Amino acid sequence: MRAKVLKYTAVGQISLRNHLAYVTDFLLRTVFLVIIMYIFLQLWQATYRGEGSATIEGYSLEGILWYILFAESLAMAFPSLTTRVEEEVKSGDVAYRLTRPLSYIGYHYASYASEVALRVLVNLAVGCTLGISFFGWPDFGPGWAGFFLVGIGAVTVNFLMNMMLALCAFWIEETRGLEFVYHKLLFTVGGMLMPLELFPEKLQEVCRWLPMQAVLYFPAKTAVNWREADLASMLLIQLGWIVLLSALTLWIYSRGVRKLNVNGG
């Protein structure tokens with residue numbers, strides 16, 4: 001077990017060093033985050049003026065914008081896993097990956113998690129600078145720790161969802177369309193555009209049965225509204241989805257590997 005942990009830790013470290021060479025590229029990408037937050041600032045200012053209330057479903061204007069900032073910082077940190085697996089299948093590199101003394105899924109998870117960690121830190125550094133310049137230093141208290149704790153489960157759930165879609169490349173090769181649909185669900189019913197409390201009651205009930213809420217809504221709400229966030233419940237829901245999605249991912253992977261063996265001889 002110790003050898004396996006060290007092995008996958010080394011994979012993550014190598015991936016992290018590779019991406020550290022492109023920190024400037026990450027910083028340039030955050031320009032998009034600044035533009036998005038400016039648009040949301042104008043939109044929500046108009047919304048709160050129209051409502052004539054200081055809060056909407058318990059969120060102040062400042063709180064709703066911090067929520068969106070955390071959700072956007074995390075969403076923009078997720079790399080495209082389907083693109084990587086697609087290229088491995090099309091180029092034939094998947095054959096080399098499968099013969100290495102590493103779990104194919106474990107290898108991608110270690111690389112994926114290290115890249116997301118770097119991107120989140122860069123996004124938060126730029127995003128928080130922007131937020132503090134508008135609203136001053138926030139009083140999140142334990143929300144900061146809660147965000148990173150719930151964020152681990154969020155990254156894992158998102159990885160498993162994307163890996164299931166990416167593994168479909170073993171059959172159909174082109175999976176970016178599936179990823180596009182998933183991202184749109186993540187943006188809407190996943191709570192990136194707004195907290196789920198602002199949705200109609202019936203839609204909230206539907207969202208509670210979907211794994212998307214565990215990816216963006218849970219971490220962002222924990223960060224800005226930790227007093228009302230049921231941390232234990234969120235972690236249990238994430239754990240449940242991780243167990244279920246892991247089983248589905250392994251099943252799809254086992255079927256896909258057999259197909260590749262048949263096709264490749």
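These are short notes on a predicted model.

1. I35 belongs to helix α2, residues 23–51. An α-helix has 3.6 residues a turn, so residues three or four places apart point the same way.

2. Helix α6. This helix covers residues 104–135, 32 residues in total. From first C-alpha to last it reaches 45 Å, close to the 46 Å expected at 1.5 Å a residue. Just after α6 comes G136, with a positive phi of about 85 degrees.

3. Aromatic pairs. The model has 15 aromatic pairs. One of them joins Y217 and F218: the pair is tilted, with 5.9 Å centre to centre and 50 degrees between the planes. Both partners are buried: Y217 has a relative accessible area of 7%, and F218 has 4%.

4. Ring cluster. Which residues do ring pairs link into a cluster? They are W66, F70, F140, W144, F147 and F148.

5. A220. Helix α11, residues 217–224, holds this alanine. A220 is buried because its relative accessibility is 0%, under the 20% limit. Beyond its neighbours within four places in sequence, A220 is in contact with Y67, F70, A71 and F147. Of these, F70 and F147 are also members of the ring cluster. M192 lies 28 residues from A220 along the chain, and their C-alpha atoms are 8.6 Å apart.

How values were computed: Residues numbered from 1 in each chain as written. Predicted model: local features only at pLDDT ≥ 70, side-chain atom pairs only at ≥ 80, totals over all residues. Heavy atoms only, no water. Helix = DSSP H or I, 4+ residues; strand = E, 2+ residues; numbered from the N terminus. Buried < 20%, exposed > 50% of the residue type's maximum accessible area, 1.4 Å probe, protein only. Contact = heavy atoms within 4.5 Å. Expected span 1.5 Å × (residues − 1). Phe/Tyr/Trp six-rings, centres within 6.5 Å; stacked < 30°, edge-to-face > 60°.
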